[in-house]
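Visitor: I would like to go through this model and ask on what grounds each label is given.
Guide: Then let us look at it together.

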Amino acid sequence: QEKALEEKYKYAIVWRGPLLRGIAGRMEGFEFRVYSGDHNPRHFHIIHKGRGIDARFSFPQIKLINYIGRSNIIGSKENNRIREFFEVAENFQKLDGEFRKQLSSIV
């Protein structure tokens with residue numbers, strides 16, 4: 001169902017691109033997001049709206065820190081796929097670029 005919705009609304013998703021600041025990527029319903037002004041340690045959020053997941057992962061280590069107020073968790077296979085996603089240089093560079101944007105907006 002999620003793939004069907006993404007296909008149906010693909011042009012709306014592209015259109016809202018400027019509103020998606022801080023998003024470093026997407027994979028299998030997960031969204032990888034860097035929030036500006038977020039506290040230390042350096043981390044990013046992995047969100048799955050359909051499953052009610054908001055997890056914090058360390059950067060640059062890409063390791064689970066904890067979950068934010070939700071009861072659903074990321075399984076070990078998904079955790080491995082997330083790490084593999086960021087082993088791709090292009091994906092890691094995009095995440096790093098979001099951290100750099102956040103730092104430059106603070107200065």
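The questions below take the labels one by one, with the values behind them.

Visitor: What kind of model is this, and what is the mean pLDDT of the chain?
Guide: This is a predicted model. The mean pLDDT of the chain is 85, and 84% of its residues reach 70 or more.

Visitor: Which elements of the chain have the lowest and the highest mean pLDDT?
Guide: Helix α2, residues 10–15, has the lowest mean pLDDT among the elements, at 62, while α3 has the highest, at 96. Where pLDDT is low, the predicted coordinates should not be read in detail.

Visitor: How many helices and strands does the chain have, and what pattern do they follow?
Guide: There are four helices and five strands. Along the sequence the pattern reads α-α-β-β-β-β-β-α-α.

Visitor: How much of the chain counts as buried, and how much accessible surface does the chain have?
Guide: Of its 107 residues, 36% count as buried. The accessible surface comes to about 7,200 Å², and 54% of that belongs to carbon and sulfur atoms.

Visitor: What share of the contacts between residues at least 6 apart in sequence joins residues at least 24 apart?
Guide: That share is 32%.

Visitor: How do you know that the span of helix α3 agrees with its number of residues?
Guide: Helix α3 has twelve residues, 76–87, and at 1.5 Å a residue they should span 16 Å. The expected span uses one less than the number of residues. The end C-alpha atoms of α3 are 17 Å apart, so the two values agree.

Visitor: Which residues of α3 are buried, and what puts them on the same side?
Guide: The buried residues in α3 are E78, N79, I82, F85 and F86. They cover an arc of only 115° around the axis, and therefore they lie on the same side of α3. On the other side of the helix, S76, K77 and E87 are exposed.

Visitor: Why is N79 called buried?
Guide: The relative accessible area of N79 is 19%. Buried means under 20%, so N79 is buried.

Visitor: What does N79 touch, leaving aside its neighbours within four places in sequence?
Guide: N79, which is found in helix α3, is in contact with F57, L64 and I74. N79 and K63 are 16 residues apart in sequence, and their C-alpha atoms are 8.5 Å apart in space.

Visitor: Why does H43 count as buried?
Guide: The relative accessibility of H43 is 4%, and the cut-off for buried is under 20%. H43 therefore counts as buried.

Visitor: Where does H43 lie, and what lies around it?
Guide: H43 lies in strand β3, residues 43–48. Not counting residues up to four places away in sequence, H43 touches D38, R56, F57, S58, F59, I65 and F99. A polar atom of the H43 side chain lies 2.7 Å from the backbone oxygen of P41.

Visitor: What makes I53 and S58 count as buried?
Guide: I53 has a relative accessibility of 0% and so counts as buried. S58 has 12%; with the cut-off at under 20%, S58 therefore counts as buried too.

Visitor: Why does I62 count as buried?
Guide: Its relative accessibility is 5%, against a cut-off of under 20%. I62 therefore counts as buried.

Visitor: Where does E28 lie, and what is its phi?
Guide: E28 lies in the loop between β1 (23–27) and β2 (30–33). E28 has a positive phi of about 50° although it is not a glycine.

Technical notes: Residues numbered from 1 in each chain as written. Predicted model: local features only at pLDDT ≥ 70, side-chain atom pairs only at ≥ 80, totals over all residues. Heavy atoms only, no water. Helix = DSSP H or I, 4+ residues; strand = E, 2+ residues; numbered from the N terminus. Buried < 20%, exposed > 50% of the residue type's maximum accessible area, 1.4 Å probe, protein only. Arc of directions from axis to C-beta. pLDDT = per-residue confidence, 0-100. Contact = heavy atoms within 4.5 Å. Areas by Shrake-Rupley, 256 points an atom, 1.4 Å probe, with all protein chains shown as cover. Polar contact = N/O pair within 3.5 Å; in protein donor to acceptor, adjacent residues only side chain to side chain.
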